[in-house]
Amino acid sequence: MPDAQPVTLPVSGTGRPPAAWDISAETDQTPAAEALFREYYTEVAGRYHVLHGFDPLTPEDVEEGLATYPPGQLAPPRGVVFVARYEGEPAACAGLLLIDGGRTAELKRVFVRAPWRGLGAARVLMGVLERRASELGAERLRLDTRRDLTEAVALYRAHGYAEIPAYKEDPYADVFFEKRLVEAASR
């Protein structure tokens with residue numbers, strides 16, 4: 001299932017060499033995707049706990065939270081996870097899920113591990129997600145997030161996503177975004 005797409009992206013102004021990302025299409029049940037999702041969930045849920053004054057997140061909380069996500073959801077024919085590797089190390093991920101009969105693709109679990117932030121992985125993954133959604137015939141991309149995840153909100157806005165009314169119920173989301181896919185819309 002892995003569908004490797006090496007991408008080299010210059011990182012201007014950082015003093016770092018260009019980042020070479022190897023992007024592979026996987027399911028949410030591969031070891032790399034599972035590890036990245038666990039780290040994503042731990043960070044996002046941990047930030048939620050701090051924001052709302054809850055006790056610190058425990059390993060049990062993480063396991064309980066992860067159990068609410070059905071394994072195999074981000075797998076063909078309706079979903080995929082893209083894993084970005086830097087020098088062979090899984091460093092970032094982003095999922096895509098077709099909803100409402102395939103007219104809409106939903107972004108899921110966009111995450112970059114801390115050591116690789118600022119090297120362009122999120123930008124590369126956003127491009128890959130948009131291309132794949134268009135190839136699958138989706139007319140638009142949607143996502144939900146939280147306003148306190150300021151990095152995510154800034155990323156989506158920078159990529160042309162506009163805030164929309166809630167398109168689904170999610171007790172942990174307080175902002176929803178959408179982007180029309182030009183290529184799919186012009187078919």
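## A guided tour of the predicted model

The mean pLDDT (the predictor's confidence in each residue, from 0 to 100) of the protein is 88, with 87% of its residues at 70 or more. Where pLDDT is low, the predicted coordinates should not be read in detail.

Residue numbers start from 1 along each chain as its sequence is written, and side-chain values use heavy atoms, without hydrogens and water. As this is a predicted model, local features need pLDDT of at least 70 and side-chain atom pairs count only at pLDDT 80 or more, while totals for chains, interfaces and linings use all residues.

**Whole chain.** Display the protein as a cartoon to see five helices and eight strands; these are DSSP runs numbered from the N terminus, helices being H or I of at least four residues and strands E of at least two. Their order from the N terminus is β-β-α-α-β-β-β-α-β-α-β-β-α. Among contacts in the protein with a separation of 6 or more, 61% join residues 24 or more positions apart. Of the 187 residues, 50% count as buried, where buried means under 20% relative accessible area, exposed over 50%, and partly exposed in between (1.4 Å probe, protein chains only).

**A105.** Select A105 in strand β5, residues 104-112. Its relative accessible area is 0%, so A105 is buried. Beyond neighbours within four places in sequence, the contacts of A105 include L96, L97 and L98, as well as A133, A138, R140, L141 and R142. G137 is 32 residues from A105 in sequence, and the C-alpha atoms of the two are 9.1 Å apart.

**Largest pocket.** The volume of the largest pocket is about 1,300 Å³. Helix α1 gives the largest share of the lining, eight residues. By class, the lining holds 25 nonpolar, eight polar and 13 charged residues; Ala, Val, Leu, Ile, Met, Phe, Trp, Tyr, Cys and Pro count as nonpolar, Asp, Glu, Lys and Arg as charged, and the others, Gly among them, as polar.

**Second largest pocket.** Select D28, A33, E34, F37, R38, E63, L66, Y69, P70, P71 and R109, which line the second largest pocket. This pocket contains about 220 Å³ of space. Its largest share of lining, four residues, is again from α1. The classes are six nonpolar, no polar and five charged.

**Backbone.** Most residues other than glycine have a negative phi, and most peptide bonds are trans. Select P76 and P77: the peptide bond between them is cis, with omega near 10 degrees, and P77 lies in the loop between α2 and β3. Continue to E87, in the loop between β3 and β4, where phi is positive, near 50 degrees. E87 counts as exposed because its relative accessibility is 73%. End at D100, in the loop between β4 and β5, with a positive phi of about 45 degrees. D100 counts as partly exposed because its relative accessibility is 40%.

Notes
Contact = heavy atoms within 4.5 Å. 1 Å grid on protein atoms, 1.4 Å probe; cavity = no way out; pocket = protein on both sides within 12 Å on 5 of 7 lines; lining within 4 Å. Points joined across faces, edges and corners; volume = space filled by probe spheres on them.
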